[in-house]
Each structure stands twice: as C-alpha cells, then as structure tokens.
Amino acid sequence: MSQPIKLYRHPLSGHAHRVELMLSLLELPYELVSVDLANGEHKSAEFLAINAFGQVPVIEDNGTYISDSNAILVYLAKRYGGDSWQPQDALAEARIQRWLSVAAGQVAYGPAAARLITVFGAPFNADEVIARAHSLLRVMDAELARSPFLAGAEPSIADVSNYSYIAHAPEGNVSLEPYPNVRAWLQRIEALPGFVPMQRTAIGLQAA
C-alpha cells in the first residue's frame, strides 16, 4: 500500500464506523476525512462525484473510490484480509451474506432508525422502529446462544457490519438488557485486537 486509505465519514454514522472498525481490525493505515452532513457537504458536486448517492462512507484506496459500507467491507476483507474475515467456502460466504442483508435491512429499519430519531431528529414512528429492533434482537440473541459470532465460531465481516448500530441501540431507546447473548457478543467484538469504538451520544437510554 503506497498511501493510507482515505475514509470519508461522519463521526456519528454507524455505517462509517463499520468501515473504520474494519480498517483498524485489519491494521491498515487510514486517514479520516470528515464530511459536514449538517451543512450538506455530502450533496455537493465534489462529493457527488465520488458517490452519486450522496452518502457516507466512501473510501479512496490508491485512487479508487468505493462507496456503501457493506461493499467496502467486502472489498477490504477480500483485498487485505485473506480468508480470515470472509472465507471463500460457499456455505461460509452465504452465512456472512445473510447477515450483511440483515445489516442493510432489519438493522437499518430497526435500531438504526430508532437512533436516527433521537440523534438526528428523523421523522420515523418511534414505537414502530423500536418494536422492529426488539424483533431483530430476539432472533440475534437466540442465534448467538449457538455460536460466539454471527456467522460461526470466528469473527467475520458479518459481525463488523452489525456491531455499530446494535452497540448504540440504547441511544435510540432500545434496551439491550433482555439480550444477554447479544451483550456478550458485543463484548467479544470489543475485545478484538484493533477494536476502535464509535463516538457515543448521551441521548435516549444512553443519557444517564
């Protein structure tokens, strides 16, 4: 690698934190580039030139731009992680893809949406998205009773993809207390060499 990977991000974005966490776990040199979402920098012509959807995160790796947090995780794991974070076995890949889909679906429309209400003032129905979050957490807790990580015995990009918004669910008034296996899984992620936390917001259940 001739130069650090640039990560265009916002410090309160769980999508961006996924990528920062992956970069750190892989021990890759990287540079954080803050994008001013409040003032619409992500919709500027300059930013739209690197991501036409106007969203963070985006990485630049030696002149190549890649957007979408899950796509970036796949890229980093395949390019720099060997088989350790995304095994090439068909069944292992399918198990990981299942959880990438959960991160883009149930997580985005459950705990992430609940947090968007309290942190960013998003106009979602709080009762609806909190209920959706608990439906997801019940499934996660049951599955994590059978394996230490989401896709099996070892950590993978499935865990990185889902960690940030689950860990910060209390900021959106989603309690993790009923889910001991989820809380133990979060602790296992946080104990990995190279773990970096996401900035917390004292809001919701996290206000105390």
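Author: **A proline and its surroundings**

Not counting residues up to four places away in sequence, Pro57 touches Leu7, Tyr8, His15, Ala16, Val19, Ser67, Asp68, Ser69 and Ile72, where contact means heavy atoms within 4.5 Å. This is a predicted model, in which local features need pLDDT of at least 70 and side-chain atom pairs count only at pLDDT 80 or more, while totals for chains, interfaces and linings use all residues. Residues are numbered from 1 along each chain as its sequence is written, and side-chain values use heavy atoms, with hydrogens and water left out.

Where does Pro57 sit? Pro57 lies in the loop between α2 (45-48) and β3. Helices (H or I, at least four residues) and strands (E, at least two) are DSSP runs, numbered from the N terminus. Pro57 counts as buried because its relative accessibility is 2%; buried means under 20% relative accessible area, exposed over 50%, and partly exposed in between (1.4 Å probe, protein chains only). Between Pro57 and Val19 there are 7.6 Å in space, C-alpha to C-alpha, although they are 38 residues apart in sequence.

The buried residues of α3 are Ser69, Asn70, Ile72, Leu73, Leu76 and Ala77. They cover an arc of only 155° around the axis, so they are on the same side of α3; the arc is that of the directions from the helix axis to the C-beta atoms. These buried residues pack against β1 (5-9), α1, β3 (58-61), β4 (64-67), α4 and α7.

Now for the largest pocket. About 770 Å³ of space lies in it. Among its 27 lining residues, Ser13, His15, Gln55, Val56 and Tyr165 are the closest to its centre. A pocket is found on a 1 Å grid over the protein atoms alone, as an open set of points where a 1.4 Å probe fits, with protein on both sides within 12 Å along at least five of seven lines; lining residues have an atom within 4 Å of a point. Grid points are joined across faces, edges and corners, and the volume is the space filled by probe spheres set on the points. Two or more lining residues come from each of α1 (14-25), α3 (69-80), α4 (90-107) and α5 (111-120), and α5 gives the most, with five residues.
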